[in-house]
Amino acid sequence: MNDEEVKVLCENVYIHMKEAYRKNLDKWCLTKVSSIFQRILDRDLSDKPFLDIMLLSYDELEKLVADPTVINLDYKFSIKSNRRIKGNRLISIKDYLINNVYNAISKDSRRKKILSITHLSVCPYCNRNFMNSSTNKNTCELDHFWNKSQFPIFVASFYNLIPSCPSCNRNKGTETFLLSPYNVKISSNQRLRFSWYPLDGNFLFNRDSIYISSKTHKDFKNDFDLLDLQNLYQIHSDLILDIILKKIFIPEYYLNEINNIIPLSDSDTNRLFTGVYTDEKDYHKRPLSKLISDIYVELNHLER
Ligand SMILES: [Zn+2]
């Protein structure tokens with residue numbers, strides 16, 4: 001991730017906020033958030049407090065979300081005056097964040113920019129669907145990892161915005177996930193490992209005889225189930241059948257033969273043979289890279 005690009009994007013959203021509203025939002029941040037910043041992150045807010053909040057690192061966000069004072073922040077102040085609201089007639093800080101600020105950061109051009117900064121081509125939640133956009137159409141949505149109704153303050157924080165496919169964004173809804181794609185403490189291969197087994201003796205001829213099984217990290221099980229990934233991946237049993245047939249009918253030395261003809265790196269040779277990116281750092285470049293790599297590894301066609 002290029003920090004400078006993240007900064008330019010966030011600054012662009014920040015400076016285009018209506019000036020009077022931005023000043024009130026900043027004042028609210030100084031009143032309500034400064035002491036929390038100081039206590040938890042051991043640093044002060046700058047003279048652009050809301051921009052500081054947009055630019056929080058993933059680790060800082062994680063620390064703040066875990067503190068009960070953050071979920072209990074009082075947003076019932078008018079964005080027009082920064083005075084406490086009694087009725088519902090005025091736009092509160094919360095409404096302003098959830099509606100206006102969210103709309104500003106999620107508009108098409110900025111969603112495309114976020115996607116380009118992250119270098120993601122495939123949804124990081126499912127690794128099944130492309131999210132690239134054409135000039136006219138946008139196929140990427142933005143999920144708030146920590147949902148915006150509970151944490152309005154992080155509605156435009158870069159590392160709370162997960163580019164995702166419409167299917168995952170809808171399936172997640174307002175549910176709470178435990179493992180963000182930005183959490184690097186648990187790698188993709190630790191989160192999830194696919195395997196397969198035959199349900200009967202017809203598995204070489206019938207894809208329905210192949211069951212795709214999975215082993216999930218204890219912290220990823222919740223997210224995996226909410227996204228219904230077990231059932232969604234079972235749809236791809238035909239791919240497993242293709243891999244098994246390749247294992248049987250294409251000899252082991254085939255990979256070496258490819259290398260003798262075209263000198264390629266190991267990664268390129270593996271991609272040519274499997275049809276997907278097999279290095280963990282590249283799974284996001286092509287759909288189903290994780291599933292297919294795991295099965296090739298299991299069948300000893302790939303080393304890990
Ligand atoms: Zn997805």
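A residue is called buried if 20 or more other C-beta atoms lie within 10 Å of its own, exposed if 12 or fewer do, and partly exposed in between, with C-beta atoms placed from the backbone. By that count Asn189 is partly exposed, because 15 other C-beta atoms lie within 10 Å. The model is predicted, so local features need pLDDT of at least 70 and side-chain atom pairs count only at pLDDT 80 or more, while totals for chains, interfaces and linings use all residues. Residues are numbered from 1 along each chain as its sequence is written.

**Confidence**
- The protein chain has an average pLDDT, the predictor's confidence in each residue from 0 to 100, of 92, and 99% of the residues score at least 70.
- Confidence in the protein chain is highest in helix α4 (residues 49–54), at a mean of 98, and lowest in helix α14 (residues 254–261), at 78; helices (H or I, at least four residues) and strands (E, at least two) are DSSP runs numbered from the N terminus.

- The buried residues of α2 are Asn24, Leu25, Asp26, Trp28 and Cys29, and their cover includes α4 and α7 (93–106), where contact requires C-beta atoms, placed from the backbone, to lie within 7 Å.
- Helix α7, also of 14 residues, reaches 18 Å from its first C-alpha to its last, close to the 20 Å expected.
- In α7 the buried residues are Ile93, Lys94, Tyr96, Leu97, Val101 and Ile105, and what covers them includes α1 (3–15), α2 and α8 (108–118).

**HNH span and strands**
- An unreviewed UniProt entry places the feature "domain: HNH" at residues 123–174; such positions follow the numbering used here, feature names are shortened, and annotations may be inferred rather than shown by experiment.
- The end C-alpha atoms of residues 123–174 lie 18 Å apart, and the span is 13% helix and 15% strand.
- Strand β1 (residues 141–144) runs antiparallel to β2 and is joined to it by four bridges, where pairing requires DSSP to find at least two bridges.
- Asp143 stands opposite Ile162 in β2.
- Both faces of β2 (residues 161–164) are covered, with Leu161 and Pro163 buried on one side and Ile162 and Ser164 buried on the other.

**Placement of Asn189**
- Asn189 belongs to helix α10 (residues 188–191), and its C-alpha atom is separated by 37 Å from that of Leu73, 116 residues apart along the chain.

Definitions and conventions:
Contact = placed C-beta atoms within 7 Å. Expected span 1.5 Å × (residues − 1).
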